[in-house]
Amino acid sequence: MQDKKITDLLESFQAIGRTKNQGYTRTVYDQAWCQAQKQCVNIIKELGLVPWVDEIGNLYATADLTWPKEPVILVGSHLDTVVDGGLYDGLYGALAAVLSVSQVTKSEQRLRQPLVAVIFSEEEGSRFDATFTGSQYLLERDLKGFDALDDVQGQTFGQVRQAAVAALSPFVQTASCLKITQYLELHIEQGPILENTGINIGIVTTIVGQERFLIQLVGQANHAGTTPMDCRDDACQQAVSLLADLYRELAQIPDLRYTIGKVQLEPNVANVIPGLVTFSLDLRHQDQSVLSEAVGVVAKLVDQYRAKLERTTAVMPTQMDMGLQGEIAEACQSVGLTHQFLSSGAGHDAQVMGEQVPTAMIFVPSVGGVSHVPDEKTTPADLENGQRVLTAVLAKLVG
Ligand SMILES: NC(=O)N[C@H](N)C(=O)O
Ligand SMILES: [Zn+2]
Ligand SMILES: [Zn+2]
């Protein structure tokens, strides 16, 4: 399998977690996720590397049978998807990491330090209301209360996590702590910049800060036909008014990205007045002070409506390492590709890692600038370009 290409590796996932809309749903620890993880184990072994797993289900690939004790360079991305997402978000960078580690470790070159590829268990927050759980766990070795979280079916993170990791453990070894000197992540851009400029490779300078909330409004469930209109406490009606206020007020903050992507009514039945509405709010900005200002606006409005506000994600805007950005620029030149510097409006494990270790990201163009939808696409040439650059950077760093 030495001459396998990144496109071949991605192709082997085309039937896993496929949806009726021709997208992919692989939320953490679900059936498709477990199947995809086993396929990753097969690929790791076929490429001559050794697979390892940790307690949260992060999968690692190294060259040796012994787990590295000395400091390593880590490279990877995530395995999970949003609901009805595309083939490339996360999986591309994860598989490219394994392929590049195998190529560099199999080369004639004597490595100055070990390379480890990581396939993070979860990044998107699409099943449980927690994001970046894989990378947070790697850095802190702490499940931080994740195990108590429920999904919509009432299954807990802890139950499904333990089952998923147990299912994998006959095939892999158990990973313990790593000392990491640098982290690299290759990812599709998920936006239109590279396609519009016609540049091959993006080098990320900063990643936006991101805060996610759940907002809950409580009313009184009652009969849709017998309850007079002036005697109702309709949680949906309150929510509509709060949502309109949020959209209006948040629009006043320049360059803020705000998204209400999930709304749940209870009991969600046509002839019952909703007694409870819960919706998500995702806020992003490059500048932490502006993000904090937006959070202040939200908190004030939520208070006016006597709604409940729960923060589920908070990551600061993160600067990528300047030295590693330079290494990527040099690697692009060495393989004859053009590059440009750009910031990321999407969140990444790289921003969790970047808080503790020098970190950098490489982007490849997204066709039409679309992502988190079944139509997500990157051309085979661009997929291979990104992986070549990743291999070149790793070879230089360990050479
Ligand atoms: N790259 C991504 O799509 N990551 C995140 N989960 C996000 O930006 O929402
Ligand atoms: Zn994503
Ligand atoms: Zn991603």
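Biologist: How many cavities of 30 Å³ or more does a search of the whole structure find?

Modeller: The search finds 1. Keep in mind that this is a predicted model.

Biologist: What makes the largest cavity count in that search?

Modeller: The volume does. The search takes cavities of 30 Å³ or more. The largest cavity has about 40 Å³, so it counts as a cavity, a space where a 1.4 Å probe fits but cannot get out.

Biologist: Which residues line the largest cavity?

Modeller: Val 28, Asp 80, Glu 122, Gly 125, Ser 126, Arg 127, Phe 128 and Ala 130.

Biologist: How do you know that 3 of the residues lining the largest cavity are charged?

Modeller: Asp, Glu, Lys and Arg count as charged. The lining includes Asp 80, Glu 122 and Arg 127, so these are the charged residues by that rule. The rest of the lining divides into 3 nonpolar and 2 polar residues.

Biologist: Why is the other space called a pocket and not a cavity?

Modeller: Because a pocket is an open set of points, while in a cavity the probe cannot get out. About 310 Å³ of space lies in the second largest pocket.

Biologist: What lines the second largest pocket?

Modeller: Its lining has 20 residues. Thr 131, Gln 136, Lys 144, Thr 312 and Ala 314 lie nearest the centre. By class, the lining has 8 nonpolar, 6 polar and 6 charged residues.

Biologist: Which element gives the most to the lining of the second largest pocket?

Modeller: Strand β14 does, with 6 residues. Both α4 (133–140) and β14 (308–315) supply at least two residues each. Domain 1 (6–208 + 318–398) and domain 2 (209–315) each give at least three residues to this lining.

Biologist: What surrounds ligand 1?

Modeller: Asp 89, Glu 123, Glu 124, His 187, Gln 190, Arg 212, Arg 284, Ala 346, Gly 347, His 348 and His 372. This shell has 1 nonpolar, 5 polar and 5 charged residues.

Biologist: How much of ligand 1 does the protein bury?

Modeller: Taken alone, ligand 1 exposes 270 Å², and the protein buries 96% of that.

Biologist: What stands out in the backbone at Gln 190?

Modeller: Its phi is near 70°, a positive value in a residue other than glycine. Gln 190 sits in the loop between β6 (180–188) and α6 (193–197).

Biologist: Which form, cis or trans, does the peptide bond from Glu 266 to Pro 267 take?

Modeller: That bond is cis, with omega near 5°. Pro 267 belongs to the loop between β11 (263–266) and β12 (272–273).

Notes:
Residues numbered from 1 in each chain as written. Chains lettered and ligands numbered in written order. Predicted model: local features only at pLDDT ≥ 70, side-chain atom pairs only at ≥ 80, totals over all residues. Heavy atoms only, no water. 1 Å grid on protein atoms, 1.4 Å probe; cavity = no way out; pocket = protein on both sides within 12 Å on 5 of 7 lines; lining within 4 Å. Points joined across faces, edges and corners; volume = space filled by probe spheres on them. Helix = DSSP H or I, 4+ residues; strand = E, 2+ residues; numbered from the N terminus. Domains from an automatic or database assignment. Near = heavy atom within 4 Å. Areas by Shrake-Rupley, 256 points an atom, 1.4 Å probe, with all protein chains shown as cover.
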